[in-house]
Structures are given as C-alpha cells and as structure tokens.
Amino acid sequence: MAALASAVVRCWTLPQGWSEPNQVSVTIDFQMNPDGTVNGRPAGIELPARKFVAEAAESALGAVIKCG
C-alpha cells in the first residue's frame, strides 16, 4: 500500500491555484488486478466541501489511473 500511495502521489498534479497539498484530502475507491494494475475506473467516495474539490478529485482519480 505504501508503494502504491507513493506512486499515486508522484502523479497527482495540484490544481491551478492550489498552493498547499494539505488543503484537500480525497478518498478514492478502486480495485486492483492480480498483476497490480487498476481494475475499472476509480471513484471518489469522500470529497471535501472546500475550494478545489472538483479539480482535486479529478486529478486524484487520474493519478490512480495513470500510476496505480
């Protein structure tokens, strides 16, 4: 899990105008195949009610797809 989290964080692009990565946390639900690739499309299950929510969620989902 730590390796996966590290890979996703490296691929997560901060939304324009977002200067502090700790401003938003996104919880994502996804499944993995036995070979370690992401199975299907990840879904945001816990999204903060703050500025940058949509951008943060889409960016996080993209990071899981790209680097998960």
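## Exercises on a predicted model

Helix H1 (2-11), strand S1 (27-32) and helix H2 (53-67) each supply at least two residues to the lining of the largest pocket. The model is predicted.

**Exercise 1.** Describe the lining of the largest pocket: how many residues form it, and which lie nearest its centre?

*Solution.* 
- Step 1. Count the lining: 14 residues.
- Step 2. Look to the centre. Ala-5, Val-8, Ile-28, Phe-30 and Val-64 lie nearest to it.
- Step 3. Find the main contributor. H1 gives the most, with four residues.
- Step 4. Sort the lining by type. It holds 13 nonpolar residues, one polar residue and no charged ones.

**Exercise 2.** State how many helices and strands the chain has, and in what pattern they follow one another.

*Solution.* 
- Step 1. Count the elements: two helices and two strands.
- Step 2. Read along the sequence. The pattern is α-β-β-α.
- Step 3. Turn to contacts with a separation of 6 or more. Residues 24 or more positions apart account for 51% of them.

**Exercise 3.** Work out what is buried in the chain and which residues form the largest nonpolar core.

*Solution.* 
- Step 1. Take the whole chain. Of its 68 residues, 31% count as buried.
- Step 2. Take the surface. The accessible area comes to about 4,600 Å², and 53% of it belongs to carbon and sulfur atoms.
- Step 3. List the core. Its twelve residues are Leu-4, Val-8, Cys-11, Trp-18, Val-26, Ile-28, Val-38, Ala-56, Ala-60, Leu-61, Ala-63 and Val-64.
- Step 4. Assign the core to elements. H1 and H2 each supply at least two of its residues. The largest share, five residues, comes from H2.
- Step 5. Check against the pocket. Val-8, Ile-28 and Val-64 belong to this core. These three are also among the residues nearest the pocket centre.

**Exercise 4.** Decide whether Ile-45 is buried or exposed, and find which residues it touches.

*Solution.* 
- Step 1. Ile-45 lies in strand S2 (residues 38-46).
- Step 2. Recall the cut-off: exposed means over 50% relative accessible area.
- Step 3. Apply it. Ile-45 has 57% relative accessibility, so it counts as exposed.
- Step 4. List the contacts. Leaving out residues up to four places away in sequence, Ile-45 touches Thr-27, Ile-28 and Asp-29.
- Step 5. Take one distance. Ile-45 and Ala-57 are twelve residues apart in sequence, and their C-alpha atoms are 9.6 Å apart in space.

Definitions and conventions
Residues numbered from 1 in each chain as written. Predicted model: local features only at pLDDT ≥ 70, side-chain atom pairs only at ≥ 80, totals over all residues. Heavy atoms only, no water. 1 Å grid on protein atoms, 1.4 Å probe; cavity = no way out; pocket = protein on both sides within 12 Å on 5 of 7 lines; lining within 4 Å. Nonpolar A, V, L, I, M, F, W, Y, C, P; charged D, E, K, R; others polar. Buried < 20%, exposed > 50% of the residue type's maximum accessible area, 1.4 Å probe, protein only. Contact = heavy atoms within 4.5 Å. Areas by Shrake-Rupley, 256 points an atom, 1.4 Å probe, with all protein chains shown as cover. Core = buried A, V, L, I, M, F, W, Y, C linked by side-chain atoms within 4.5 Å.
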